[in-house]
Structure formats: C-alpha cells, structure tokens
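Please open the structure in your viewer and keep the sequence panel beside it.

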Amino acid sequence: MSKEESKKEKRSKKHEKHEKEVAVVHHMHNGIGPSLSNGHAEKPRVVCSDMCCFCFDILICHLTSTQSPRNPYFTNEEYPLFVTWKIGRDRRLRGCMGTFTAKKLHKGLAEYSITSSMKDSRFQPISWEEVPKLECGVSLLTNFERAVDYMDWEIGCHGIQIEFPAGLGVKTATYLPEVAREQGWSKLQAIDSLLRKGGYKDTITEEFRLKIKLTRYQSEKSILTYEDYCKLRRRHRPY
C-alpha cells in the first residue's frame, strides 16, 4: 500500500468514527441512547401520569356518586398493577392494593382505584375531605423471577413477594420496590417486616426464613399529587 493510499484509509476510518459518535449523540439527545446493560435501546415506559389522573377521576366520581369517566386514551395492555394513595406533607400511606394477575389497564386501574382507597383493611375508607391532600401512585409490575433464596434481591430495584408456611396452608405478602428504600430497611429487616405483614406471629428464626419462597419483580411507577391532577385537568382531558 502506498503512503497516499494509507493516508486516505486513515482519513476514511477517522471520518467513519466521527459519524458514529455523532449518531450516538443524536440518539441520546432524542432520549433513545443505547442501554448500558445490553447495547440496545431501552424499552419505553408504559406507565404515565394520565393513569394517575384516571385513578383520581374514578375516586372522585365514586365519592360524589357521579358517572364514571369514559375509557382513557392510554394503552389498554394487560399488566399486574398496584394503586397507592398517600396523604399529607409527610406522605403517609392511606391505602395500597393491587393484583399479580395481569389486568387490562382501563378496567384494572378503575377497579383498584376504588379497592385501594375504600377496602384496604388497614385504613378507614378515604373521605371527600381528604381528596385535596392525596397523592396517587400507579405501579405496573414487570420482570418476575423466582429468587434463589430470601436474600436474592436488591433494595431499590426489586419488589418482593414471599410465600411461607402457615399451619396447613401458605400465606403470601408483598412489598413494592420502593418500600424497603423509603423505610431505610436492610434486606433482613424487610423480610421480617413482610412476614409480620403476612400474619406470621411466632418468633422469626433463620430456620423459618429458609422456608420462604421469594419472587422478585420490578415496576414502572408514576406519581401525581392532587394539585398536579388539577393542573393536568385544566390543560387537557386525556380521554
């Protein structure tokens, strides 16, 4: 290869590298940068604030005995889901219920908006006077995996569902991915708390913990305060 041909080849490779770098920057500025884990574009989020807005509408229609809203425009795919209500500046839990059975989102969110706000046995039903202080969270659950043991999960990344023996049967309980982090718990503290939540009243031993069957999962979550709900309502009606 002559010196001139060698120079042309180097210039060509340099130009090709520059074009690749520009392409990557372009993709990242458009929110579709490559995933750090597998080199592919990340899957777009399904959950959105309109889902929380819909839950507020359902709750308000229920409390005021008015006609339920029409079906929304957001996707009606099937997902396991949870609806969470918190209240006040300290964001105290006011109700949280959901299902691990995949539900069509329009019907599922409508159902669990009411179930979580009115039928959570830990709390009194939410009243009309409380609505302006509420925050709504919608969690869509994904990536279910059977864990190796009760410690095979990561705080802040995984939600956990446990099964444990109770008499002749089995009991279950779950914490969404954000719970352990918000409470400042270690994994062991979260497991023991979840056993209590599930109704286990005896002394918790390591021997009993090893009997736990744990499923870990992840979630997409959207949160909307009543104040932001009102702003969203004034701007547009999402269905």
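This is a predicted model: local features need pLDDT of at least 70, side-chain atom pairs count only at pLDDT 80 or more; totals for chains, interfaces and linings use all residues.

Residues are numbered from 1 along each chain as its sequence is written, and side-chain values use heavy atoms, with hydrogens and water left out.

Now switch to a cartoon, where seven helices and six strands can be followed (DSSP runs numbered from the N terminus, helices being H or I with at least four residues and strands E with at least two). Along the sequence they follow the pattern α-α-β-β-α-β-β-β-α-α-α-β-α. Of the 239 residues, 41% are buried, meaning under 20% relative accessible area with a 1.4 Å probe and protein chains only.

Next select Leu 93, Cys 96, Arg 122, Tyr 175 and Lys 197, which are the closest to the centre of the largest pocket among the 22 residues that line it. A pocket here is an open set of points on a 1 Å grid over the protein atoms alone, where a 1.4 Å probe fits, with protein on both sides within 12 Å along at least five of seven lines; lining residues have an atom within 4 Å of a point. Strand S2 (92-104) gives the most to this lining, with five residues, and strand S1 (78-87), strand S5 (169-175) and helix H4 (179-183) each supply at least two.

Then select Asp 120, in the loop between helix H3 (105-118) and strand S3 (134-146). Is Asp 120 buried or exposed? Asp 120 is buried, with a relative accessible area of 6%, and its side chain reaches the backbone nitrogen of Cys 96 at 3.0 Å. Leaving aside neighbours within four places in sequence, Asp 120 is in contact with Gly 95, Cys 96, Met 97 and Thr 115 (contact means heavy atoms within 4.5 Å).

Finish with helix H5 (residues 187-197), whose buried residues include Ala 190, Ile 191 and Leu 194. Showing strand S4 (159-166), helix H6 (206-209) and strand S6 (213-225) brings up part of what covers them. Just after H5, Gly 199 takes a positive phi of about 100 degrees.

Notes: Buried means under 20% relative accessible area, exposed over 50%, partly exposed in between (1.4 Å probe, protein chains only). A polar contact is a pair of N or O atoms within 3.5 Å; within protein, one must be able to donate a hydrogen and the other to accept it, and residues adjacent in sequence count only if both atoms are side-chain atoms.
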